[in-house]
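Colleague: I would like a close look at one helix and at the sheet that goes with it. Could you take me through that part in a single connected account?

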Amino acid sequence: MRTLHTICFVMALAACKSEPNHPPLPAPPPPPPSPVEPVQATTPGAPGSQNLAPLAGVTARMREESSARPRVEVTAEALFDALADRGIVIARRQQVLAATAQAAYCALGVTDDSIAIAVCEYESQAAARAGKRLLDTRYAKLVPDAVRVLNGNTLVTVANATKTPARRDQVLDTFRSL
Amino acid sequence: MTLRNRLLGGALAAATALVPYASFASSHREAPFITKNPKVDGTDFYLFNSYEGTARNGYVTLLANYLPLQDSYGGPNYFTLDPDAIYEIHIDNTGDGVEDLTFQFDFDLKLANNTGVELPIGGKMINIPLAVAGSLSSPADADQNMIETYKVGLIRGPRRAMPATMLTNLADSSTTFRKPYDNAGSKTIANYTTYANQFIYELDLPGCTPTGVQAGTHARLFVGQRREGFAVNLGQIFDLVNFGVSALGVAPTGNQADLTGAADQAKNIVGNKNVTTLALEVPASCLRKDAASPIIAGWTTASVRQARVINPTASFGTPAREGGPWVQVSRLGMVLVNEIVIGLKDKDRFNGSEPKNDAQFADYVTNPSLPILVEVVFGATGALAPTTYPRADLVAAFLNGVPSVNVLSSTLFEAVRLNTAVPATARAAQHPLGAATCFDPPAANDVGPTLNLARTGCDPAGFPNGRRPGDDTVDIALRVAMGFLLDQNHAPIRGAPLVDGAYVDARDFLVGFPYLNTPVSGAP
C-alpha cells in the first residue's frame with residue numbers, strides 16, 4: 001500500500017508539469033519535531049576512500065611504468081631478495097613513481113629499522129647517470145642523507161640511515177656485488 | 001589486503017579524487033553533493049586578530065567565503081547567494097565543540113519596485129532582462145534591477161534552539177543590509193573599490209559591552225564579492241609538490257628547482273577567480289567566554305531546507321517552495337580538511353556534521369592518507385612518510401590546538417582556534433608560515449621541535465593560531481603532514497621545506513577590513 005501511495009504521489013507530481021491549469025504549489029512539508037539526526041557513524045575502516053576506481057593521474061602513470069620496465073641487470077626484486085639473503089629484512093616494499101627520478105621504473109623498500117632503499121631502473125646507463133644527477137641536485141634538501149650508487153642501468157638510493165651507517169654500507173655493498 | 005596496502009589504496013584514491021579538481025582549491029567543490037549546490041559551498045574560513053592598525057586593536061576579523069570559482073564575466077545574473085539558505089559563522093568559546101555564538105546571515109533577492117525595471121517599448125512597458133539598467137555608484141542606485149539584501153542574527157547558545165537578535169546598522173537603525181552588485185565591469189561600476197566600501201556597515205553587537213577596544217569604534221560588517229584569496233596549486237602538489245620536475249607531463253613553472261621559500265612563487269591558479277565573502281569584525285571581548293579565556297574556535301556552515309519542490313510555473317520570487325528543518329550541507333573550519341583529509345565516502349557526511357561529533361572522523365587525522373601519497377610520489381628519492389601511528393601530532397595541530405598557544409580544551413574537534421590575547425602582527429611583518437616559524441629545531445633525532453615564542457622571526461599570530469589571508473596554509477599543512485612536529489626518527493623528511501608553488505603573502509591583500517581584495521572585474 002505504501003508503495004502504491006508513493007507511486008501515486010510521484011505520478012501526481014509528474015502530472016503537475018503537464019497540467020494546463022496549474023494547481024497551487026504544494027505546501028511545504030511540516031517540520032518534524034526535531035532536526036534530522038545524523039546517521040550514526042559506523043566503525044571506520046582503513047582511512048581514506050576505499051573507492052579505487054577509476055584510478056587516474058599518479059596511479060595511471062605508475063601502471064604504465066610497471067608495464068614497460070626496461071631490461072636491467074639488477075632489478076629491484078633481485079636486490080631486495082639479495083638483501084633478504086643477507087639478513088636485511090625488508091619490512092615493506094612498493095612501487096613508487098619513477099618519473100620523479102626520470103626513471104623507467106622504481107620500487108621502494110623499507111627495512112625493519114626504517115632505512116629507505118629506493119631502486120630505480122633506467123633504459124640506459126646514460127639515463128641512469130642523468131637520473132642520479134637529478135636526484136643529487138634537485139632533491140638534495142628533501143633527503144639530505146641520501147647516498148646513491150649506480151650499477152649498470154640501476155640506481156639505488158639509501159636514506160634515513162645516518163644512525164646505522166654499517167647497515168647502509170651493507171646494502172650498498174650488496175647492490176654493487178650483483 | 002594489508003593495512004598498508006589499504007592505506008596506499010586510500011591515498012591513491014584520494015589522489016584520484018583530487019585530479020579532476022586539480023584547478024580548484026581550499027574547500028572548493030570538495031564534496032560530491034556540494035558540487036550541485038555552489039551557492040552554499042563554503043570555500044575558506046579566516047579568523048584572526050585584526051591587524052589594520054591601533055584603532056582596530058582588540059577586534060577579531062571573521063571571513064567566510066562562499067560560491068567558489070566565480071568568473072568575473074558571469075553575467076547577466078552574476079553571483080547572488082541563496083535566499084532560501086542560511087549562512088552561519090560559529091564561535092565556540094567553551095571548548096565543547098558546540099557553538100556559543102552564531103552569526104546567521106539570511107539573504108533576500110528582490111526586483112526593483114518588486115516588479116523590476118521596465119522600459120517603454122512600442123507603447124508597452126517591458127521588463128528588462130538584465131540585473132542593472134545603467135551604471136551603479138551607490139547602494140540605493142535606482143538603476144539596480146535585482147537587489148540583494150540580508151539580515152544578520154546573533155544567536156547565543158545552540159543555533160537551532162535559541163532565538164536570534166538582529167544586528168542593526170548604526171547609520172540608519174535598519175536591520176536590513178544591502179549587498180553590493182558584483183564587479184560586472186568598469187562601465188557598470190566605474191570605481192568598484194569606492195562603490196563596495198559603501199557597503200561596509202558599522203554596528204554594535206547586542207548583549208555585549210566591548211572592552212579592550214578604542215572608544216568610539218564599532219564592529220563592522222560587509223558581504224560582497226571579493227577576489228579569491230586562497231593560493232594553491234593543487235595540480236602541482238601532486239605533480240611532485242613543486243619540486244621542479246615534470247612527473248605527470250606538466251612542465252615546472254617558475255623557479256621551483258630549489259626548496260627555499262623564495263621558490264614558492266610560481267602561480268596561483270585560483271587568483272583570477274572571485275568568491276563571495278561574509279565579513280565581520282567584532283570586539284574580541286564579545287567573542288570570548290570571559291576575560292580570562294582568550295581562546296576561541298570558529299567555523300562556518302551553510303544550511304538549506306530539507307525539502308524543495310520545484311515550481312512548474314516558476315516566478316522570480318518563487319522558483320521553488322522549500323520547507324522542513326534546516327539541514328547543514330557545508331562546513332568549513334581548518335583549511336583543506338574536507339579536501340585532502342576526509343575520505344571521499346565521508347565528505348558529504350563531514351559537510352553535514354557538527355564539531356561535537358568529530359570523533360567519527362578521527363581516523364582520517366590519526367592515520368592520514370596524504371603522507372603516503374607523498375611517499376609514493378617521492379619514494380624514488382628515498383623520502384619516507386612518517387612512521388608513527390596514530391599521528392598525535394596532527395591531532396594536536398588540527399583537532400586540539402598548539403600547546404601554550406591556542407588549546408581551548410581537551411575536547412577534540414576540527415575548527416580554527418585563535419588566541420585573541422596574542423597581539424596581531426603588523427601586515428608588513430607577517431610571515432607566510434605563521435606560527436610554524438615559532439619552533440626551534442630538534443636538539444636530537446629522538447625529540448621533536450620545541451615551541452619557542454621568543455624565537456627571532458616568530459609570528460605567533462598566524463596559522464595555525466587562527467588563519468589570516470596571508471598565511472600560506474598549504475605549505476604549512478604539507479610540512480606538518482610530513483612530520484614537521486615529529487622527531488626525525490619517526491619523520492625522516494620532517495625538515496624538508498615543502499612548497500606547493502603558489503606564493504601568498506599578507507602584502508598581497510588589503511591593509512584593512514575586509515582584507516580580501518577587490519574582485520576581478522568582468523570587463524575592463
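What distance should the 14 residues of helix H4 (residues 125-138) of chain A span at 1.5 Å a residue, and how far apart are its end C-alpha atoms?

Modeller: This is a predicted model, in which local features need pLDDT of at least 70 and side-chain atom pairs count only at pLDDT 80 or more, whereas totals for chains, interfaces and linings use all residues. Residues are numbered from 1 along each chain as its sequence is written, and chains are lettered from A and ligands numbered from 1 in the order in which they are written.

The 14 residues of H4(A) should span 20 Å at 1.5 Å a residue, and the end C-alpha atoms are 20 Å apart, which agrees. The expected span is 1.5 Å times one less than the number of residues, and helices (H or I, at least four residues) and strands (E, at least two) are DSSP runs numbered from the N terminus.

Five residues of H4(A) are buried, namely A:Ala128, A:Gly131, A:Lys132, A:Leu135 and A:Arg138. Here a residue counts as buried if 20 or more other C-beta atoms lie within 10 Å of its own, as exposed if 12 or fewer do, and as partly exposed in between, with C-beta atoms placed from the backbone. Seen down the helix axis, the buried residues of H4(A) fall within an arc of 160°, so they line one face of the helix; the arc is that of the directions from the axis to the C-beta atoms. On the other side of H4(A), A:Ala126, A:Arg133 and A:Thr137 are exposed.

What, then, covers the buried residues? For H4(A) the cover includes E3, E4 and E5 of chain A, where two residues are taken to be in contact if their C-beta atoms, placed from the backbone, lie within 7 Å.

These strands belong to an open sheet of five in chain A, with the order E1-E2-E3-E5-E4 and antiparallel pairing; two strands pair if DSSP finds at least two bridges between them. Strand E1 (90-96) and strand E4 (147-151) of chain A stand at the edges with a single partner strand each, so one side of each has no neighbour in the sheet. On average, neighbouring strands of this sheet are turned by 20° against each other, direction ignored; axes are lines fitted to C-alpha atoms, for helices over the stretch in contact, and angles run from 0 to 180 degrees between N-to-C directions.

Six of the six residues of E5(A) are buried, so the strand is largely enclosed by the rest of the structure. A:Thr154, A:Val156 and A:Val158 point one way from E5(A), while A:Leu155, A:Thr157 and A:Ala159 point the other way, and all are buried. In a regular strand the side chains alternate between the two faces of the sheet.

E5(A) can also be followed through its partners. Six bridges join E3(A) to E5(A), the two running antiparallel, and A:Ala116 stands opposite A:Ala159 in E5(A). Five bridges join E4(A) to E5(A), again antiparallel, with A:Thr154 in E5(A) as the bridge partner of A:Asn151. The hairpin of E4(A) and E5(A) has two residues between the strands, and in this hairpin A:Gly152 takes a positive phi near 65°.

One of the paired positions is A:Ile90, whose bridge partner in E2(A) is A:Thr111.

The mean pLDDT of chain A is 75, and 68% of its residues reach 70 or more, pLDDT being the predictor's confidence in each residue, from 0 to 100. Over residues 1-56 of chain A the pLDDT is below 50, although this stretch has 71 contacts in the model beyond near neighbours in sequence. Where pLDDT is low, the predicted coordinates should not be read in detail.
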